[in-house]
Amino acid sequence: MQIRKLAVGLLLLVSVLGFLVACGATPTPEIKIQEKVVTQVVTQVVTQVVEKQVQVKETVVVEKIVEKPVLITPTPIPTVAGSDLAADQTLHYTYRNFGTIDPALEAGSTRQFIIALWMPLFIRDNKHNIIPWLATKYDVNADSTVYTVYLNPKAVWSDGSPVTAKEAKEYWTYGISPDCKGCYLATFAGFDNLKGAKDVIAGKSTDLPGVVVKDDKTLEFDLEIADPIFVHKLSLYDTGFVKMEDVKKAPNYAADGTVRTNGPFKIKVWDIDRKQFELVQNPKWWGDKKPKLNRIVILENTDENVSFIQWQNNEIDVVWWLTAIKERLKPSDPNSFYITPNAGNWYFPMKLDLPPMDDINVRKALTWAVDWDKAIAAAYEGSSFDKPQKGWLTSELPCYKPNNWPDYGYNLQKAKDALAASKYKTPDKLGKIRITTGGMSPNFIRTAEIMQEQWKTNLGITDVEIKPGSLDAWGQDKDAVQIRRSSGGAQIPDGVVSLNEVYNYHNTSLALKDADLESMLAQLKPMKRDNAQFCGLLQKAEAQFLGDYAFLPIATSNNALNFKPWVKNMEVNNVFGWYSILDMYIAKH
């Protein structure tokens with residue numbers, strides 16, 4: 001009891017700012033390639049491959065096109081709740097810091113909840129199959145430039161009002177516009193490829209002609225260039241939508257629980273200041289299947305050592321660790337790990353319009369002067385889940401090529417020569433180098449400190465300042481911060497999508513301009529993934545991006561959730577989406 005009180009007390013006392021984005025690991029199959037354009041609805045017996053196989057009779061929407069997946073409704077879950085259902089169906093989850101919850105703004109900590117609040121049109125399972133969610137099906141034309149999506153006619157908001165296609169378009173138009181501060185919708189969901197989207201993104205227009213409202217329950221997406229996997233982008237958490245009446249209430253419009261949702265859960269409270277986060281069942285949930293969980297209580301993890309005590313005391317059911325605490329659990333709780341598909345990258349991007357990062361030779365010198373293998377081993381305390389990042393595309397993605405980073409590696413002489421070749425010449429002319437760790441994770445802070453020390457030792461650079469936490473920790477100097485910790489990876493298991501996302505971020509936020517890379521990406525996006533030239537061009541594009549030396553590497557991480565044995569039917573996709581949320585439950589324990 002004393003330990004429990006200590007854990008709760010520490011949680012109340014410790015405060016931290018942080019932010020995170022990541023994807024998980026383990027090899028996964030490529031997107032299936034089909035051949036013929038056809039849409040049909042059939043009834044058949046389907047065996048869905050999961051950890052245990054079960055057969056269910058169901059209606060299946062079979063839609064075939066080049067690289068177009070099969071829609072399956074629903075995904076069978078291996079365990080059926082019965083006599084082992086606990087009386088209290090409250091799930092306790094802990095992770096690092098939580099901020100404003102908003103689909104278009106989401107890039108890290110709330111994605112698993114967003115899909116249960118504001119439903120994307122589709123969701124994906126851990127094999128990357130597309131599953132109907134808010135929408136029932138879709139059609140696509142022969143050249144993959146027009147997608148038609150059909151919303152579930154039964155879908156309503158938590159106040160009982162109908163969900164309409166018009167509301168979706170209104171939110172998405174806002175989500176890619178400059179009015180949506182810090183939003184990722186255009187970058188992650190590929191909405192920059194919609195007709196008219198670029199003008200909306202630039203603030204030149206408030207109309208998005210690439211989204212056509214055909215009727216209350218039908219949407220048409222008209223693309224600038226062909227995209228054979230666009231439907232996968234419609235399965236990302238960012239494409240969930242909120243009623244604009246609610247968005248306009250306040251920046252943190254979800255705080256008091258009055259915001260309307262269209263998923264199986266609604267928000268009871270999302271108070272960032274008081275650190276109170278709780279979801280409850282949506283009483284107006286319109287789906288055929290009612291969730292078994294009644295409540296999800298989210299505990300902000302400000303100190304993973306405290307959370308580890310809570311884990312040992314069975315006070316939390318599911319946790320996502322960032323530190324090497326995971327290693328402590330491997331001997332004692334090996335079966336508690338859920339490794340998510342696809343690894344992700346932690347890294348330090350540099351703002352290229354700020355001196356001295358405006359000189360590629362400085363960027364090369366800073367990269368080559370750090371022994372990254374030893375630095376990451378020390379910063380991550382030897383974690384077997386985290387390896388030094390040595391590229392952008394991760395090893396489980398199709399077309400992965402190791403050692404594709406031009407001239408990458410620890411080399412003191414090359415680092416010194418590069419600095420001397422820069423317009424700054426000597427370390428004393430560089431000015432102050434500022435680093436934000438983008439959160440309070442000890443891993444990121446230690447990595448920054450190791451960089452600082454090795455630059456001092458190896459290059460004589462002494463004017464380096466680190467501030468843990470978010471960019472706002474710098475106050476009036478935040479616009480002068482040149483190195484800003486971030487994360488990224490394959491939101492969709494496709495190298496083009498991953499590379500395009502990271503370039504869009506660097507291009508719009510960090511002033512990276514690379515016309516050759518843009519040309520290669522333009523060729524790659526509409527290309528069929530089985531094209532004999534595809535992998536070669538993708539690897540060339542990755543090398544082009546890496547050759548800009550626009551970021552300092554940290555780690556490629558195989559992220560894992562840990563869950564207690566009484567958490568049943570928990571299935572997670574590669575972007576941490578709990579796609580089995582309707583079947584999850586707490587067993588008696």
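Let me begin with Cys180, which counts as buried because its relative accessibility is 6%, under the cut-off of 20%. Please keep in mind throughout that what we are looking at is a predicted model.

What is Cys180 joined to? Its partner in a disulfide is Cys183, with a distance from S to S of 1.7 Å. For those who are new to the term, a disulfide is a covalent bond between the sulfur atoms of two cysteines. The link of Cys180 and Cys183 is left-handed, with -60° about the S-S bond.

Now to another pair, where Cys399 and Cys535 form a disulfide with an S to S distance of 2.0 Å. This pair connects distant parts of the chain, since Cys399 lies in the loop between β17 (386–388) and α12 (412–421), while Cys535 belongs to helix α16 (residues 534–547), and the two are 136 residues apart. The torsion about the S-S bond of Cys399 and Cys535 is about -65°, and therefore this disulfide is left-handed.

Are these two cysteines buried or exposed? Cys399 has a relative accessibility of 13%, so this residue counts as buried, whereas Cys535, at 30%, counts as partly exposed, because that value falls between the cut-offs of 20% and 50%.

To put the pairs together, the count comes to 2 disulfides, and if we number the bonded cysteines along the protein chain, the disulfides follow the pattern 1-2, 3-4.

Technical notes: Residues numbered from 1 in each chain as written. Predicted model: local features only at pLDDT ≥ 70, side-chain atom pairs only at ≥ 80, totals over all residues. Heavy atoms only, no water. Disulfide = S-S within 2.5 Å. Buried < 20%, exposed > 50% of the residue type's maximum accessible area, 1.4 Å probe, protein only. Helix = DSSP H or I, 4+ residues; strand = E, 2+ residues; numbered from the N terminus.
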